[in-house]
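Subject: Handover of a structure and its findings

Dear colleague,

Please find below the structure that I am handing over to you. My notes on what was found in it follow directly after.

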Amino acid sequence: MKAKKDQANILVVDDSPETVELIKRNLESIGHQVYSANNVQSAVKFLGSMHVDLVITDLKMPGESGLELVRHVTENHKGIGVLVITGFPSIQGAVQSIKIGAEEYLVKPFTDDELFKSVDRALSRTSKQRKSSSKPAQQNFGIIGDSDGMQKVFKTIGKAKVTSATVLIKGESGTGKELVARALHYGGQSSAAPFVPVNCGGIPDSLLESELFGYVKGAFTGANETRAGFFQTADGGTIFLDEISNTSLAMQAKLLRVLQDKEFYMVGSKKSQKVNVKIVAATNVDLMQLVKKDLFREDLFYRLNIITIDLPPLRERDNDVLLLLDAFLEKYVRELGKGAMRFSPRALKTLTEYAWPGNVRELQNLVQRLVIMADESTIDIADLPGNFRFSASRMKGLNRTLDEVEREYIIDVLAANKNNISHAAKVLGIDRKTLREKIKGAGK
Ligand SMILES: Nc1ncnc2c1ncn2[C@@H]1O[C@H](COP(=O)(O)OP(=O)(O)OP(=O)(O)O)[C@@H](O)[C@H]1O
Ligand SMILES: [Mg+2]
C-alpha cells in the first residue's frame, strides 16, 4: 500500500513489548526501518547516535514520562516528527503533548489503518518542514554555506555562469576556489564540454607554453607528433587557470593575447588558432600588489578582473562552520561505513571558535580524521588535536580575564579527562579539594 521509496527510520518507545512488536511488524511491512526502546532514557541515548525521522512514543512508562521525550525531541532534534500513543483515560496528556510539539496522537486501541495514516501524516509534515527549512547548500552546486559572504558568492556565480566573460576567483588557500570554478562550468550552458584545470604553479615555465597551447611535430627535440594543448582540449568549455600569479611575465604576455583575441599559436607553428573557451582564473595572493611590484602585468590583471568572486576566509563565515562540520561528518560516516556520529556541544563550541587558517580544506581533513579515529559515537574535546583543545581555540579574542581563562581551562581539562576529578586535578597540579572549590566557584 505504500511505496518503498518513502522509507523512514522510526523509533518506537513503549514499555509494552506487545505494542512495540505490533507497530514494528506493521511498519516494517510497508518498508520502514523500525527501532525500539522501552524507556525514555534509552530513547534519548539512541536519538543521540542514530538518524531518526519519526519517534512514536507511549506517554505512560516507568521512569520518565513520554511527555519528557516529546519535550526533548522538540528542543533538541528539530527535524524529527513525534507521534504520541495514549490510552483512552490519558487523552488529556495527548493534548498536552501536541501543545509541546508532537505532530500527531493515536488513541489505543488503534487499527492498522489508523496507525498507517498517522505515521504518514507525521512523516509528510516533518519532510515538508525539512524541505522548507532546508539549507540552501543543496541548491548551490555542492558548495555549502549560508553566511552573508557566501550568499554573495552564490549570487555572483548565478550571474557569471551564464555569460562567457572571464571570471577571477580570489581567496585564501582552502576556501573553495576550485569548487567555485567547477560550479561556474557545470552550472553553465556548456557543461557538456570539457572543464580543464591547469595548475599554473605546478608546471615549469618551459613546459607551460606547450602544455597550454600544444605543439606541432618537430617543434623541438622529442616533439615526434603534433599534440593539442589545454586550450584546444577545453574548446567549447572552460579552462581553469589556477594559481595564475605563478606565471612568468613572458607567459603572461602570451595569456594576454588569448584573452584578448581568443587566439594563440601552437609551439612551432606560425598559424594562429582560434578557440572558444570560457576563462576562469584563481589566485590566493593579491594580484594588485604584484602589479605594483611589476611581477604581474597590469593589462592582464584588468583582462582577468572583469567578474571577480571573493571567497571569504572561513573565520568570517558565521555559522558556516557548523553547516560544514555537519555535512562532512555525514559524508565521512557514510563513506567509511560507520554508525551515526555527533559532536559534543563542547567540541562544537571549540571548533566554532577556532580561526581555521587552512579554511574549509583544514576543516574537511580534520573531520575525516576524527571519523576514522573515533571509537565512540560522540566526538568530544578530548578527541580533537591538542592545538584545538587549548590555546588555538581561544585565539579569537584577547579580552578575557585571568579568571575566565582559568575557568575555561579547567572545563577543558575536565572534559579531556571525562570529568574524572582526580585525573583532572593531577593534570592541573592542584589537589582534588581545590579543584572542587574552583568548580563550585565556576558555577557562580
Ligand atoms: N563551501 C564548501 N562546501 C563544501 N566543500 C568545500 C567548500 N569549500 C571548499 N570545500 C572543499 O574543501 C577542499 C578545498 O577546496 P578547494 O580545492 O576548492 O580550495 P582552493 O581555494 O582551491 O584551495 P587552494 O588555494 O589551496 O588550491 C575541497 O575538498 C573542497 O571540495
Ligand atoms: Mg585550488
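Helices (H or I, at least four residues) and strands (E, at least two) are DSSP runs, numbered from the N terminus. In these terms, threonine 175 belongs to the loop that lies between β6 and α7.

Two remarks on conventions are needed. This is a predicted model, in which local features need pLDDT of at least 70 and side-chain atom pairs count only at pLDDT 80 or more, while totals for chains, interfaces and linings use all residues. Residues are numbered from 1 along each chain as its sequence is written, chains are lettered from A and ligands numbered from 1 in the order in which they are written, and side-chain values use heavy atoms, with hydrogens and water left out.

The loop residue

Threonine 175 is buried, having a relative accessible area of 3% (buried means under 20% relative accessible area, exposed over 50%, partly exposed in between, with a 1.4 Å probe and protein chains only). Its side chain reaches the backbone oxygen of glutamate 172 at 2.6 Å. That is a polar contact, defined as a pair of N or O atoms within 3.5 Å; within protein, one must be able to donate a hydrogen and the other to accept it, and residues adjacent in sequence count only if both atoms are side-chain atoms.

The ligand site

Around ligand 1 there are 17 residues, of which Ser173, Gly174, Lys177, Arg361 and Gln364 come nearest; a residue is near if one of its heavy atoms lies within 4 Å. By class, this shell holds 6 nonpolar, 7 polar and 4 charged residues. Here Ala, Val, Leu, Ile, Met, Phe, Trp, Tyr, Cys and Pro count as nonpolar, Asp, Glu, Lys and Arg as charged, and the others, Gly among them, as polar.

Serine 173 places a polar side-chain atom 2.6 Å from an oxygen atom of ligand 1. Polar backbone atoms also take part: one of glycine 176 is 3.1 Å from an oxygen atom of the ligand, and one of glutamate 178 is 3.1 Å from an oxygen atom of the ligand. On its own, ligand 1 has 630 Å² of accessible area, and the protein covers 84% of it (Shrake-Rupley method with a 1.4 Å probe; for residues, only the protein chains shown count as cover). The elements giving two or more residues to the shell are α7 (177-186), α13 (320-335) and α15 (359-373).

The five-stranded sheet

An open sheet of 5 strands runs in the order β7-β8-β11-β6-β12, with parallel pairing; two strands pair if DSSP finds at least two bridges between them. Because β7 (195-199) and β12 (307-310) stand at the edges with a single partner strand each, one side of each has no neighbour in the sheet.

Strand β6 (residues 167-170) is joined to β12 by 4 bridges, and isoleucine 169 stands opposite isoleucine 309 there. In strand β8 (residues 238-242), 5 of 5 residues are buried: Thr238, Phe240 and Asp242 on one side, Ile239 and Leu241 on the other. Between β7 and β8 there are 5 bridges, and proline 197 has phenylalanine 240 as its bridge partner.

A further set of strands

Strand β3 (residues 54-58) also has 5 of its 5 residues buried. It pairs in the parallel sense with strand β1 (residues 9-13) over 4 bridges, while 5 bridges join β3 to strand β4 (residues 81-86), again parallel.

With kind regards
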